[in-house]
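Please keep the sequence and the 3D view open while you go through them.

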Amino acid sequence: MNRLGASVGEGKTRFAVRSPLASEVWLCLFEGDDEQRHRMERDGPDWVLELRGDFTGAHYGYRAAGEWAPERGLWFDPAKLLVDPYAVGLDRRFVQDRRLAAFGVDTASFVPRAVVPAPVEPLPLALPHFVQGGLIYELNVRAFTRLHPEVPEPMRGTVAALAHPAVIAHLKKLHVTAVELMPIVAWIDERHLPPLGLVNAWGYNPVAMMALDPGLCPGGTAELQKAVTALHAEGIGVLLDLVFNHSGESDVQGGTISLRGLDNAAYAHAPDGSLINDTGCGNTLDFANPAVRRLALDAMRHFVESCGVDGFRFDLAPVLARGPGFDPAAPIFAEIAADPVLSTRIMIAEPWDVGPGGYQLGHFPKNWLEWNDRFRDDVRRFWKGEEGIGKLATRIAGSSDIFGPVPPGSSCRSINLLAAHDGFTLADTVSYANRHNEANGEQNRDGHGENFSWNNGVEGATDDPAINEARRADIKALLGTLFASTGTIMLTAGDEFGRTQQGNNNAYCQDNAIGWVDWANRDLELEDHTAALAAIRSAETSRYASLPADLRWLNAEGADMTVADWEAPGADRLGWTADGQGAVLDRGTRTAIIGRVPEGRA
């Protein structure tokens, strides 16, 4: 299979790009504002060009000619500078501009140029740094480090900051198994944000699937590799959150920036030719198309071989298995399983999208992990007083009703979480009954409407010490439930010390104090409490990977639970033990205790 992208070797530089329906394609090389165009030659669905010499570091893009008929999925416009879908480095960030969608208007002055990479040998393939049953720490690189007082100012907001000793010390304090980095590849703001004076702060709107964002990772793959190496040295793995479900070219009103101008068949279309929108973002990548699957596989392989990452979390993962309906036997799963590199990595699904049949929790391959929103909702509802001990027990025991019994020697596939980047923070869950997204400019219509949250009597911040203490007790109870649960667990950065987003449950466009982690005002007592829970779990992580065979559910008197105990109206206390380890959850006293459980007590 011919390699796409730009590559250097044997005294020449080769460029290759897929554009099956183009009538002509040009390679555009740049020196400052000076552009030199070179006609490429067709090679089946691809266009190729070899130039003598080593062009490492050169800036380039493509232009493609052909029919302009958007109503038939043809978007060829030679005026548009097109970003190589296989670019691994860019010279600048993407900017939203109306000229991107205007036919015949040249965009070379502001569209990022790809950078020809230097030849590199793949890193040795090692087993992933990951422990089933451990703690995944989800973080937004910029928001997590932007205000960190011990990180040097020039390093704040970048991937390099993750290798700083103060950051690593915090991760080790929490016994983090792996960090999960929210998107760090190059993305573009949604069209409605610039007029509102807002930007996309989360990165879930990518254009170049392999190119690290120049703002977050100005040192490119070398910077990410260095951070991964530093974290690995401390026993901490690195997972990348990848967005393969749509691209920042958006709907038919969006720009022509990359795939749309080269190979619009990368996007899924309905029989009438309209774009399928199973993502809520206007367009959906078509994983029934082998070229799309190849791009995704090559991108993942690049991050493993060039940067050493341990695995991936897939945003709106059902899209990977659509064609157009979700298929649990979709080709992408077999292709990953057969790949000698990717088959060794950790794969995590966000098992829902917004398309038909989009909720697929429990339906991904048996060696994949899945975000379990049922755990989040049912645990919140228990502590809110809306759910009973039976459903709580099912969730903390690994959600066998969803994933099935765990075979001997295997681990539970559930990733248990109380909160994530999308939704209320943990502190806001017990401080706000309703979302407060007014700052997003959408009249508070965006974000989840039902959060199973409560405010303890006052909406938002308060100086009332009794309410604040009740909220702290609720947070501790929720955390205790999480750290006692069977499966791998996930904590979002800052939830360990009471981070708030002021009630905003969709802070994707808040690159400011709403979205940044406030290190100066963190609750150190809560942080220490979380660290103590993490230490208990970390001491015997393997015990939490699957439900212990000798587990006993205990009533308030320390005796085995009976049917009457399980069905008692208003029951709000649950205990369990296995070889002396266990937990007691008591809604009446707002307490969750994990660790050693004395015999005869619950």
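1. Please bear in mind that this is a predicted model.

2. Leu 193 is found in the loop between β12 (178–181) and α3 (220–233). Is Leu 193 buried or exposed? Its relative accessible area is 0%, and because buried means under 20%, Leu 193 counts as buried.

3. Turning to helix packing, helix α7 (residues 373–384) packs with helix α8 (residues 389–396) at an angle of about 145 degrees, their axes being 9 Å apart, and the crossing is left-handed. On the α7 side the contact is made by Arg 374, Phe 375, Asp 378, Val 379 and Phe 382, and on the α8 side by Ile 389, Lys 391, Leu 392, Arg 395 and Ile 396. By class, this contact has six nonpolar, no polar and four charged residues.

4. The axes of α7 and helix α11 (residues 465–483) come within 11 Å and cross at roughly 135 degrees, and the two helices are therefore oblique to each other. This crossing is right-handed. Phe 375, Val 379, Arg 380 and Trp 383 of α7 make the contact with Ala 477, Leu 478, Thr 481 and Leu 482 of α11, and by class it has six nonpolar, one polar and one charged residues.

How values were computed: Residues are numbered from 1 along each chain as its sequence is written. This is a predicted model: local features need pLDDT of at least 70, side-chain atom pairs count only at pLDDT 80 or more; totals for chains, interfaces and linings use all residues. Side-chain values use heavy atoms; hydrogens and water are left out. Helices (H or I, at least four residues) and strands (E, at least two) are DSSP runs, numbered from the N terminus. Buried means under 20% relative accessible area, exposed over 50%, partly exposed in between (1.4 Å probe, protein chains only). Axes are lines fitted to C-alpha atoms, for helices over the stretch in contact, and angles run from 0 to 180 degrees between N-to-C directions. A crossing is left-handed if the near helix is turned anticlockwise from the far one by less than a right angle, and right-handed if clockwise. Contact means heavy atoms within 4.5 Å. Ala, Val, Leu, Ile, Met, Phe, Trp, Tyr, Cys and Pro count as nonpolar, Asp, Glu, Lys and Arg as charged, and the others, Gly among them, as polar. Angles under 35 degrees count as roughly parallel, over 145 as roughly antiparallel, 65 to 115 as roughly perpendicular and the rest as oblique.
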